[in-house]
Structures are given as structure tokens and as C-alpha cells.
Amino acid sequence: MKTLSENGAFGGVQGVYSHASDVCGCDMTFAVYLPPKAKAEKVPVLWYLSGLTCTHENAMTKAGAQKWAAEAGIAVIFPDTSPRGEAVANDPAYDLGQGAGFYVNATEAPWAPHFRMWDYVVDELPDLVFAQLPLDRSRQGITGHSMGGHGALTIGMTHPGTYRALSAISPIANPTRSDWGRKQLAAYLGSDEAKWADHDATLLMESRGYPGPVMVDQGAKDQFLDLLKPEALVQAAALRRQPFRFRLLEGYDHSYFYVASVMEDHIRFHAEQLAQAG
């Protein structure tokens, strides 16, 4: 880990770091907020996955997570959303390529050499941070916004023993049935739609669910509501009788003003669940 910056925040430290990623084949940047409690002991961890066009910095600076994380005694990790660099494939569109990794391991050209964000988030970055920071690996939760909500739900339901708390904010909930999903899954994983199912939160909810409560927030004025398809995920959870807290919040859109408005609730939810897990 190379330290790019460290700033005091609410008694803790907001750091930004980089490292050479073997999984992605490039340098990757990420941010970690350590609460004051981390000065004395290992603390639980909340992974926050960001959405399309974002880097580690968007949520770090706009979500207001540090105040609530300091009070709850929980660390927050903000990974980047894709590999980056001149040697990394890209696309002119905002929703494919750099900034749009969709938290999958790409198998198709030209994406396969670098776009392995699933392995990066699930394995490589955790191995790095848990080896070097005062973090409790037995108490991890995962959340995210938009594309990051999609990543959080699919990763969390696939690895429930690792992520002991699960939530999402305005997630892309049914990507195999959405233009925010079909394009990217086809590009990264190929035309065989059977390979897409492991990266669709609605289909995972139908097939396996999650062994604990799941919390999802959605703004009712979200300009991308038809692309996100939260109703499909809600229906799948209801049919499965999954403990599931869903809020459709009046007056809120897809912006970070909305994310900041619900961040306290999500951090408190994770802190409570991880306290029980401990």
C-alpha cells in the first residue's frame, strides 16, 4: 500500500492508498476510513461499492459516511469501480469500460485481461487491507449505490459467510432485464445469458436469498427507475419470504444528495448486524 493522503476526520483517519493489482494488471486506488476506535482495537468493516462513472472519491467526499462510521465504530472501504490506465481497454460510452466494471470477471475481449473486479473486491483488496490495517475480517458488511448496489447484492448473496450484513442504495436490481445490464453483461461475459444469472440480484434472490435481513433504499423520483427495476427484486424477496426492508422514499432522486440522506441508516444497520455477528 502506498499512502496518497491521510486526513483526520471525526477523530479517525480518512486515507487514500494505491497498490499494484495482480488481478487487474494495473495500479488501483482505494480509500479507507478508520474510526477512532481503530486506534485501540480491530473494527468491523463496511465495503461501499460505487456506481457508474465513479471512482473511490465520490462516496468518500459526498456520502457523509465518516461522521456516522466514527459514531458506530466501523471502518468504511471505498474501492474504485474499474481498472484504469492507458493499457486498459475503454469505451466512449459512460456505461462500459473504465468507470463501469460492473463487479464481474470479464471473459471476453478486450476486457478479460484487466476487468476482474469481482476477484479484486472479494479477494485481492481484502487480503491487502486486512494484512495491514486494524480491521476485523470476521465482521464484514457490504453496500453500494446503483451499479455498486448491484455489486453489493450479488457479491453478498454469493458469499454470505464473508459478508454478514447486506444492503444497497438504488441498486441495478435486475440487470438481465435492463438496458443497464444486458449491454454490459454481454460485453464482459459473452452472449450466453446463462452466464449472466450469477450477476443479477433478482435471480440470486429467487435462487438462494440471504441468511439475514437485507436493506434496500430507493428514491421515488429517481430518473433511472425504469433501468433499476427495484420492483423485480421486491417481488423476488416477497416470494421467497426473505427478511427484507425496502423503502421507496418520496422526493429523492439518484444523486449523492440522496445517498447522503440515507447513509446514516445504512451504517447503523451494518453496525447492528455486525455486532451480532461478532
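Helix α2 (residues 65–72) has A65, Q66, A69 and A70 among its residues, and these four are buried. Buried means under 20% relative accessible area, exposed means over 50%, and partly exposed lies in between (1.4 Å probe, protein chains only). Seen down the axis of α2, the buried residues fall within an arc of 125°, so they line one face of the helix. The arc is taken over the directions from the helix axis to the C-beta atoms. An α-helix has 3.6 residues a turn, so residues three or four places apart point the same way. The buried residues of α2 pack against β2, β3, α1 (56–62), β5 and α9 (256–277). Contact here means heavy atoms within 4.5 Å. Just after α2, G73 takes a positive phi of about 70°.

The model is predicted: local features need pLDDT of at least 70, side-chain atom pairs count only at pLDDT 80 or more, and totals for chains, interfaces and linings use all residues. Residues are numbered from 1 along each chain as its sequence is written, and side-chain values use heavy atoms, with hydrogens and water left out. Helices (H or I, at least four residues) and strands (E, at least two) are DSSP runs, numbered from the N terminus.

Strand β3 (residues 26–34) is largely enclosed by the rest of the structure, because seven of its nine residues are buried. Strand β2 (residues 12–21) pairs with β3 in the antiparallel sense over nine bridges. Two strands pair if DSSP finds at least two bridges between them. V16 has A31 in β3 as its bridge partner. Four residues separate β2 and β3, which form a hairpin. In the turn, G25 has a positive phi of about 65°. Strand β5 (residues 75–78) also pairs with β3, in the antiparallel sense and over three bridges. There, Y33 stands opposite V76 in β5.

The whole structure was searched for disulfides (cysteine sulfur atoms within 2.5 Å). The search finds zero. The sulfur of C24 is 5.3 Å from the closest cysteine sulfur, in C26, which is too far for a bond. C24 counts as buried, at 0% relative accessibility. C26 also counts as buried, at 11%.

T81 lies in the loop between β5 and α3 (117–132). T81 is buried, with a relative accessible area of 0%. Leaving out residues up to four places away in sequence, T81 touches S50, G51, C54, G99, A100, G101, Y103, M117 and M147.
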